[in-house]
Amino acid sequence: MSQATLTRTAKLFEESFGLWLTELMDRTGHESADEFHEEFVASHQPVLLTETLHQLLLQEGGVYVDGTTGEGGHSQAILQAEPQVKAVLGIDRDSRSLERAQSRLSGFGGRFLPAPGNYADMAELAEDRGINQVDGILLDLGFSSRQVESPGYGLSFQMDEPLDMRYDPNGDLTADEIVNTYDERNLGGLIRRYGEEPRGMSIARALIKERPVETTGQLASIIGRVLGRRLGQRVNPATRTFQALRIAVNDELTNVEQGLYAAVGLLAEGGRLAVISYHSLEDRIVKSFFNREAATCVCPPGLPVCVCGQTPRIKIINRRVIKPSDDEVQSNPRSRSAKLRVVQRI
Ligand SMILES: C[S@@+](CC[C@H](N)C(=O)[O-])C[C@H]1O[C@@H](n2cnc3c(N)ncnc32)[C@H](O)[C@@H]1O
């Protein structure tokens, strides 16, 4: 590990946890900085960590929801932070990730409450554990690098795997079913809408002609043949179609909308909701939901007097999205597209 990376790591952890790297290595039983970096930083680097913790206004004895726990990067930071919170309810649809989080956070005992499930159901998941209100909620949307890099998910064109793409291994819909059974209009429309891929219809036509399409590699190569690859193009041409299928399989946009609604309902007065999104479709939903819920009037334009009786439930904390620093983007390129929006329950 270069000296610059080590210094960045040490700074990140000091800012986020109030601990020096050496102290943290000591506590986690890691002898070399390289080993520590590999396990705790490179593969689990939580995005916008310092900014998120700062925005959540953690309270002594407060209860927090991490709606997208993944392997527990943000949850761990919340549990380690000062002032000391009482508990974090850690939700994730992916039981495989949540199990890793659970073993990683076992040192926090009952302060980490794992809750396998959909964050759209956070009110019920909280209630099942005797929690009716919480002091802050984080949603770090989408998927983790581990999910893309691990075998079994079928999320990546870097590995040739069966077409799956489910975060929840028990989910009903797979990418295989979409690619191999949807008609041209529905398949093409889905790729256009969720992938923002202008050539969605041509891709759908080619996929239908080549059915059965069984693996991620086969899918990527058909898309590659349809779109070609421009000289110097760095992004794989299949990226947009993979995004579209992933969003559809996991019903991601509906969950974002319902999750935001549930979160505002669960927050105590003064509690904050922080949402990190990674692409414009998600961010648009978050932005317009926040604007709608923060509005003092939602009457159609042109009415002489307000008749809607709207009472805003939240206030917007940052109108301009918070983005990762250059340093963060350099050490974790995946953070490049992250946007953090924060609101407070009133
Ligand atoms: C960006 S990762 C979160 C990483 C995590 N903040 C960390 O620091 O380790 C997003 C996680 O959200 C999960 N997820 C996606 N949609 C979900 C949903 N509707 N309900 C619960 N979890 C979901 C994914 O399985 C994934 O683990």
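For contacts I used one rule: two residues are in contact if their C-beta atoms, placed from the backbone, lie within 7 Å. I took helices (H or I, at least four residues) and strands (E, at least two) as DSSP runs, numbered from the N terminus.

Before going on, I noted that this is a predicted model, in which local features need pLDDT of at least 70, side-chain atom pairs count only at pLDDT 80 or more, and totals for chains, interfaces and linings use all residues. Residues are numbered from 1 along each chain as its sequence is written.

**Entry: α4 and α5**

I looked up which residues meet here, and found Leu-49, Thr-52 and Leu-53 of α4 against His-74, Ala-77 and Ile-78 of α5. I sorted them by class (Ala, Val, Leu, Ile, Met, Phe, Trp, Tyr, Cys and Pro are nonpolar; Asp, Glu, Lys and Arg are charged; the others, Gly among them, are polar). This contact of α4 with α5 has four nonpolar, two polar and no charged residues.

For the geometry, axes are lines fitted to C-alpha atoms, for helices over the stretch in contact, and angles run from 0 to 180 degrees between N-to-C directions. The axes of α4 and α5 are 11 Å apart, at an angle of about 50°. I call angles under 35 degrees roughly parallel, over 145 roughly antiparallel, 65 to 115 roughly perpendicular and the rest oblique. The pair α4 and α5 is therefore oblique. α4 passes α5 in a right-handed crossing; a crossing is right-handed if the near helix is turned clockwise from the far one by less than a right angle, and left-handed if anticlockwise.

**Entry: α14 and α15**

I then turned to α14 (residues 252–266) and α15 (residues 280–294), which pack at about 30° with axes 10 Å apart. That makes α14 roughly parallel to α15. From α14 the contact uses Leu-253, Val-256, Glu-257, Leu-260 and Val-264, and from α15 it uses Leu-281, Glu-282, Ile-285, Val-286, Phe-289 and Glu-293. I read the classes as eight nonpolar, no polar and three charged residues.

**Entry: Gly-259**

I stayed in α14 to look at Gly-259. Is Gly-259 buried or exposed? A residue is buried if 20 or more other C-beta atoms lie within 10 Å of its own, exposed if 12 or fewer, and partly exposed in between, with C-beta atoms placed from the backbone. Gly-259 has 27 such neighbours, so it counts as buried. Beyond four places in sequence, I found Gly-259 in contact with Gly-67, Tyr-119, Ala-120, Met-122 and Leu-139. Its C-alpha atom is 9.5 Å from that of Ala-123, 136 residues away along the chain.

As background, most residues other than glycine have a negative phi, and most peptide bonds are trans. I found a positive phi of about 50° at Leu-48, in the loop between α3 (33–42) and α4 (49–56). Leu-48 counts as buried, with 23 C-beta neighbours. Leu-57 also has a positive phi, near 50°, and lies in the loop between α4 and β1 (63–66). With 16 other C-beta atoms around it, Leu-57 is partly exposed.

I also noted a cis peptide bond from Glu-82 to Pro-83, with Pro-83 in the loop between α5 (73–80) and β2 (87–92). Another cis bond joins Arg-211 and Pro-212.
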